[in-house]
Amino acid sequence: MATPARRYRYVGPADIRAGIRPDGAGYRVTCPADFARWVASVAVPELAEPVSYVVDLTGVLRLAPRRSEHVACAGGQDVLGAGEVAFVPDQAGGRNVPSGHWVVSYVSNQSTGYCPDLDSWPAVASALDRAGLPHPHGFTAGLIFRRCPDCGLCNVVRDDDFSCVACAGDLPRQWNLDRR
């Protein structure tokens, strides 16, 4: 039996969440046709860089411009995954950009609003599969987020150093952003 996906609640600044518009959620991509419509609506220069994504609680991929807040992309709701994703036209197929097949070239869990753990990958992969987007077998840039139990600061663990950058306290090995 598969382990249920973890829900990630927003843990970022309250003022950002307070500014969310009810109609501001990211573009829903439930199938390849949805993705084709989204690509056709995005300016070509915007496709040259990653965009923000969330996987909502129904497992649907939602996309928004890169400088969007993930919590806005999620409509203020909890998520199964969040980060940045980049798409490139599939050169092997020899197709042109607007009507060609696209693949995921980069995908991360980089969201300081939700701080999803690496175990969010299966939900992200499933949403990309549903959208018909070939993708890597895991995050191409995966971050490890941990809250310091001593000072409360949210840290990004680098080089396997589980020490708080503010107080040098020990960070837990297990994801702990579900509490403050």
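Predicted model: local features only at pLDDT ≥ 70, side-chain atom pairs only at ≥ 80, totals over all residues.
Reader: Let's start with the rings. How many aromatic pairs are there?

Author: The count comes to six aromatic pairs. Take one of them. Phenylalanine 35 and tryptophan 38 form a pair with 5.6 Å from centre to centre. Their planes stand 40° apart, and the pair is tilted.

Reader: Why is that angle called tilted?

Author: Planes under 30 degrees apart count as stacked and those over 60 as edge-to-face, so the rest are tilted. The 40° of phenylalanine 35 and tryptophan 38 falls in that remainder.

Reader: Where do phenylalanine 35 and tryptophan 38 lie in the chain?

Author: Start with the general idea. An α-helix has 3.6 residues a turn, so residues three or four places apart point the same way. Now this case. Both residues lie in helix H2, which covers residues 32-41. They are three residues apart, about one turn of the helix.

Reader: Is phenylalanine 35 buried or exposed? And tryptophan 38, buried or exposed?

Author: Buried means under 20% relative accessible area. Phenylalanine 35 has 5%, so it is buried. Tryptophan 38 has 6%, so it counts as buried too.

Reader: Which other ring pairs with tryptophan 38?

Author: Phenylalanine 87 does. This pair is edge-to-face, with 5.8 Å between centres and 70° between planes. It links distant parts of the chain. Tryptophan 38 sits in helix H2, phenylalanine 87 in strand S4 (residues 81-89), and 49 residues separate them. Phenylalanine 87 is at 5% relative accessibility, so this residue counts as buried.

Reader: Now helix H4. Which of its residues are buried?

Author: H4 spans residues 121-130. Its buried residues are Trp121, Ala123, Val124, Ala125, Ala127 and Leu128. They pack against four strands: S2 (51-55), S3 (61-64), S4 and S5 (102-107).

Reader: What follows H4?

Author: Glycine 132 follows the helix. Its phi is positive, near 75°.

How values were computed
Residues numbered from 1 in each chain as written. Heavy atoms only, no water. Phe/Tyr/Trp six-rings, centres within 6.5 Å; stacked < 30°, edge-to-face > 60°. Helix = DSSP H or I, 4+ residues; strand = E, 2+ residues; numbered from the N terminus. Buried < 20%, exposed > 50% of the residue type's maximum accessible area, 1.4 Å probe, protein only. Contact = heavy atoms within 4.5 Å.
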